[in-house]
Every structure is written in C-alpha cells, then in structure tokens.
Amino acid sequence: MGTVTPIGNTNSPSGQSWNTSSYDRNTRFVSKFGEDVLALLAPQKGERILDLGCGDGVLTLKIAEAGAEAVGVDASQSFIETAQSKGVDAHCIDGHNLTYDREFDAVFSNAALHWMLEPQKVIDGVARALKPGGRFVGEFGGFGNVAAISSAMSAVGNAMGGDPSLTCPWFFPTTEQYANMLVEGGLEVASITSFYRPTPLPTEIRGWLETMRAPFFEQFGSEIEVAYERVINALKPALCDYKGNWIADYVRLRFSATLPV
Ligand code: BEZ
C-alpha cells in the first residue's frame, strides 16, 4: 500500500509547522490521553524504547521515568528542541525515514501516525527498528476522526477557492486497513480497536484550528478571518453544546503488534 492521499489532496505536503507554546496551551489533552496508551506499552526497566513522533517529549519522559532508555524522534525541529530542553534524548527524524536496525525492545507512538502519509513505509521502518519479539504500540486518529471538522473545512475551502491539498492532510484508517498494513510489514497484531472519544477543547474550536490546521487558513491571506468565521459557524451545531463547550469529534485507533521472534 502506498502514499495515503488526504481528502481532496494532490500529494503535496501538509505545510504544517508547530508552535510549541500554542500546542501546549490548546492541545495539552493529547499527552494526557496518551497515558492510557502508555499503560498498554507497559515500559520495563532496562528496555530501549523509541517514541515515534514524540512531539514535545512529555510522554518520552514518562517512558524514561519507568526506567526504560527512551529515545524520541519527530519531524519538527521546534518540537525536538523543546523535548531536548526537558532532557529527552530527542532527534529530528521524519517517521518515514527511520534507519534504526534491530535495536529497540518497543516502538511507541501517540497522536502522530495520522500525520505520516506513507504508512507502509513507516511500519516497515518500525519493523526494522525492532528486536525480534519487540512490540509496536500506538494510538492515533481512526476512520471518521474529526469528520465534522474536515467536512466544514472542505466545504469552506471549496467555496473560497482554497487549495484542496491544504484541507485535511491526515491518514485515518479503519482497524481492518491498519491491521493489514501491520501484517504486510511483518508484524503480528496482538490487539487493535477503534473508539469514539469526544474531546473537550480547552481553547474552543478556534484554538484547535489555529494549532492543527494553520496552513489551511493562512492561504486565504486578508480573508483569513472570514475563513475562520465560516468554519466555526458551520461547526457550531455539531460540536458546541448548549453551555458553549466545544467538543472535538475524535475517533482513536489503538493497537499493539509484535515482531515475531
Ligand atoms: C488527532 O489527534 O486526532 C488530530 C490531530 C491533528 C489533526 C487531526 C487530528
């Protein structure tokens, strides 16, 4: 299976860049929820564990606190600098280009794999990085994730003459689709599930949109505020409750797989 084409995409990159302080303010729940996946990973003292798409390193540190030797990689230099400032052994490496060879007891990933649009390439690199018997444990957006948000941006983008490749550059597979990819990569699937996780947004939908999809809005230049207003208005009936709380329509795919001995 090859490159995943984001909704309406023409294979151009997401254009995403990360502002670590606004990420912290608007989406701290990402690492908070990640603690459930950490429990599935169950890091052991003395293990060497790779955190794939480590972001600002909050969960990499937790893996290290469990006594493992934790290494973080992320494609974003600004995230890597933030992780390093916390003492994490972090390296700026795109998940598509892993070159580790049989050196990790486990590879862990939280809320990052949906940004990697050549998933089979990522899985192949993970399988190569694992020692025999090693495990790949992760969670990311599953099929239907942020469907309302994606539909609203898509409609506004079309109406305002936007570039479709900037709308939804994400990979949200079904469990069947991702299980097949894991098997194709030589891994055995121990568990795989997807579930709905309505996620309260601490800085409302505007904060989420600014952090997660700035390139979509910035393409409209002087009309940027019009674009925000149209998307937010379109989303209100679906995601804003009667008290004015915004809740994102998250679907998570959680899995654990092993490299046969
Ligand atoms: C997510 O964690 O589900 C997500 C994050 C950014 C963009 C889209 C989805």
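User: Is Ala111 buried or exposed, and what is its relative accessible area?
Analyst: This is a predicted model, where local features need pLDDT of at least 70, side-chain atom pairs count only at pLDDT 80 or more, and totals for chains, interfaces and linings use all residues. Residues are numbered from 1 along each chain as its sequence is written, and side-chain values use heavy atoms, with hydrogens and water left out. Buried means under 20% relative accessible area, exposed over 50%, and partly exposed in between, with a 1.4 Å probe and protein chains only. By that cut-off Ala111 is buried, with a relative accessible area of 18%.

User: Where does Ala111 sit, and what is its phi?
Analyst: Ala111 is in the loop between β4 (104-110) and α5 (119-129). Helices (H or I, at least four residues) and strands (E, at least two) are DSSP runs, numbered from the N terminus. Ala111 isn't a glycine, yet its phi is positive, at about 55°.

User: What about Leu117: how far is its C-alpha from that of Gly95?
Analyst: Leu117 lies in the loop between β4 and α5. Leu117 is buried, at a relative accessible area of 14%. Along the sequence, Leu117 and Gly95 are 22 residues apart, and C-alpha to C-alpha the distance is 10.0 Å.

User: How many residues of α5 are buried, and what covers them?
Analyst: In α5, 8 of the 11 residues are buried. Among them are Pro119, Val122, Ile123 and Val126. Going by contacts (heavy atoms within 4.5 Å), the cover includes β1, β4, β5 (130-141) and α7 (175-184).

User: Which residues are around the ligand?
Analyst: A residue counts as near a molecule or strand if one of its heavy atoms lies within 4 Å of it. By class the shell has 6 nonpolar, 2 polar and 1 charged residues, where Ala, Val, Leu, Ile, Met, Phe, Trp, Tyr, Cys and Pro count as nonpolar, Asp, Glu, Lys and Arg as charged, and the others, Gly among them, as polar. α8 (204-212) and β7 (247-258) each supply at least two of the shell residues. The names are His114, Trp115, Asn145, Trp170, Phe172, Trp208, Met212, Tyr250 and Arg252.

User: What are the distances from ligand oxygen to the side chains of Asn145 and Arg252, and what share of the ligand is buried?
Analyst: A polar contact is a pair of N or O atoms within 3.5 Å; within protein, one must be able to donate a hydrogen and the other to accept it, and residues adjacent in sequence count only if both atoms are side-chain atoms. An N or O atom in the Asn145 side chain is 2.7 Å from a ligand oxygen, and for a polar side-chain atom of Arg252 the distance to a ligand oxygen is 2.2 Å. Taken alone the ligand exposes 260 Å² (Shrake-Rupley method, 1.4 Å probe; for residues, only the protein chains shown count as cover). Of that area, the protein buries 98%.

User: And the whole protein: what fraction of its residues is buried?
Analyst: The protein has 10 helices and 7 strands. Its C-alpha trace spans about 55 × 35 × 30 Å along the principal axes. Of its 261 residues, the buried ones make up 52%.
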